[in-house]
Amino acid sequence: MAAWVVCALCALVIIKPQEFIPELSGIPLVHAAFGLTLLCVALDVVWRRLRPTLAPQVVYAIAFLAWAALTTALKRPAVLEERGMQLATVAGVFLAVAFAAASPRGLRALAITLVGCAVLTSGVAIVQSFQPYGCMLAAPDDWAGRGELEPDGRPCESNLDCRKDPPVPDGNYRCERPGPLGTSTIDGRVRYRGSLADPNELSLMAGMSIPLAIALAEGRAAARALRGHRSGHPRPAGREPPAGPGLRAPASPRRARAATALPLLLTDRLLSRLAAALRALPVAAVIAAIGAMVVMSRSRSGLIVYLAVLGLSFIRRSGTLGVVAACLVGPPMLLLGGRSGDEASESSEERVALLREAFEMIRRTKGIGVGAGLFGDESSFGLTAHNSYVLAAAETGLMGMCLFALVLYASLKVPLAIWLGDVEVGPATRRFAPAIFVSLCGALIGIFFLSWAYKDVLYMVLAASAALYGAARAEDGRVFVRVSAREAALVCGAMFAVLIVLNVLLRFLG
């Protein structure tokens, strides 16, 4: 029961129906869902449906978010209440998923929710791409058009067309494509709304869901095979049905084989493969839809994540054939996706400038940080660092950077240990272990180009790893994963090495 309630909480956080359904505006849906989740978790624990287990990343995640709040209180106490509420929301969602979904059914429900949200948001983005351009009004101070846009019904081909006889004089007009649920494109790039209003973030979220979709498809195939095995009742050897009056004698084995013989080109193996291919159509459609959305978003980081998770999934499933399939999918995606020309050059130069400002903040604060969520206020561009690892160091200091890295490392280690370890867990738990691992690998690649240090979607996947640990511990008490002091030192050392390499590269680039 708690699993589906926490899935509803995740869907509310990602989809944000209160923003496009007027009847829901003003209703604290997220707070109500969180309170109901706590109640359901307590009931499931009392009824022994859940066995609370503290995964290693839970401690590091709470420590990191608490440290982020502390640095904010030290650097700018005036904004502590606002930033503290944002950090508390992320922590609440993380803990709710980590404990409420800690069962095989909970993991399946969470996977269905995340895949469903990815399909919905990708569908909305794809529909956007087929709409005609129209004039849209942005907020007076939103010159980049990153927020919500209101269409005024006038067709256009460029921003200049929207400034001719505008209904609102001196309005901040843009020429964009409108989409369902009050969404719109940004510079012609498809996106969603709310926390996924950035095309890069939408692409990363959708790409992270691909391994979960594949795991769900594998689960259906395994369940179908199990039902087929149980439905078969072979007759004991040496016993044949008796022949008597009114009963036909059993056919000889040679005659039975002749009666059931199939054409040479239509063998049982071919039929089974055709059936498997037909059953794979839904997950193939999901992967194709996400790929189309990534191409339409023109997100270079999203394209990298898409190819990475798809390649790892292919290799895990098919070995050498998976490598061949990845090589066939990769070049067309690289050719069609991403940005090029002056737009791509400007974006790259902006990212380099933001990284330089991040290192300047680290030096200026002597490694303490400027406070959570305050990078944009300190930056001359008004933007974040576009690199979660450097952002964590600039905002929460070197200590916060190490804690953030330990959260990621522990979250990766848990599914890897369950996947490759000598443990006796159920088929669902063993199936979701590699899926969560591949999804997290994609996340670690994607957040190198995005500011996701406190992103709710990232912490949902990190919490899925913690829930996997709880499910595995409930099935096999021998499952035990921890981060040793040596591992922690190596992880922190690796993060310092990343900072040094980036700083050297920035100096080399001038």
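**Briefing: cavities, a pocket and a central strand**

The lining of the largest cavity contains six nonpolar residues, two polar ones and no charged ones. Here Ala, Val, Leu, Ile, Met, Phe, Trp, Tyr, Cys and Pro are counted as nonpolar, Asp, Glu, Lys and Arg as charged, and the others, Gly among them, as polar. The model is predicted, so local features need pLDDT of at least 70 and side-chain atom pairs count only at pLDDT 80 or more, while totals for chains, interfaces and linings use all residues. Residues are numbered from 1 along each chain as its sequence is written, and side-chain values use heavy atoms, with hydrogens and water left out.

**Confidence**

- The chain has a mean pLDDT of 86, and 84% of its residues reach 70 or more; pLDDT is the predictor's confidence in each residue, from 0 to 100.
- Over residues 233-249 pLDDT stays under 50, and the model has five contacts there beyond four places in sequence (a contact means heavy atoms within 4.5 Å).
- Over residues 255-259 pLDDT also stays under 50, with zero contacts beyond four places in sequence.
- Where pLDDT is low, the predicted coordinates should not be read in detail.

**Cavities**

- On a 1 Å grid over the protein atoms alone, a cavity is a set of points where a 1.4 Å probe fits but cannot get out; a pocket is an open set with protein on both sides within 12 Å along at least five of seven lines; lining residues have an atom within 4 Å of a point.
- Grid points are joined across faces, edges and corners, and a volume is the space filled by probe spheres set on the points.
- The whole structure holds two cavities of 30 Å³ or more.
- The largest cavity, with about 60 Å³ of space, is lined by Leu114, Met205, Met208, Ser209, Leu212, Ser439, Val457 and Val461.
- Helices α7 and α18 (456-475) are the elements that give two or more residues to this lining; helices (H or I, at least four residues) and strands (E, at least two) are DSSP runs, numbered from the N terminus.
- The second largest cavity has a volume of about 50 Å³, and its lining has eight nonpolar, no polar and no charged residues.
- Helix α5 (104-129) and helix α17 (427-446) each supply at least two residues of that lining, with the largest share, four residues, coming from α5.

**Largest pocket**

- The largest pocket has about 1,800 Å³ of space.
- Of the 49 residues that line this pocket, Arg146, Asp198, Glu201, Thr384 and Lys455 lie nearest its centre.
- Helix α4 gives the largest share of the pocket lining, six residues.
- By class, the pocket lining has 17 nonpolar, 13 polar and 19 charged residues.

**Strand β1 and its partners**

- Strand β1 (residues 134-138) is largely enclosed by the rest of the structure, because four of its five residues are buried (buried means under 20% relative accessible area, exposed over 50%, partly exposed in between, with a 1.4 Å probe and protein chains only).
- β1 runs antiparallel to strand β2 (residues 150-155), joined by three bridges; two strands pair if DSSP finds at least two bridges between them.
- Met136 stands opposite Pro151 in β2.
- β1 also runs antiparallel to strand β3 (residues 172-176), joined by five bridges.
- Ala138 stands opposite Asn172 in β3.
- Asn172 is buried, with a relative accessible area of 4%.
- Between Asn172 and Leu149 there are 23 residues in sequence and 9.7 Å in space, C-alpha to C-alpha.
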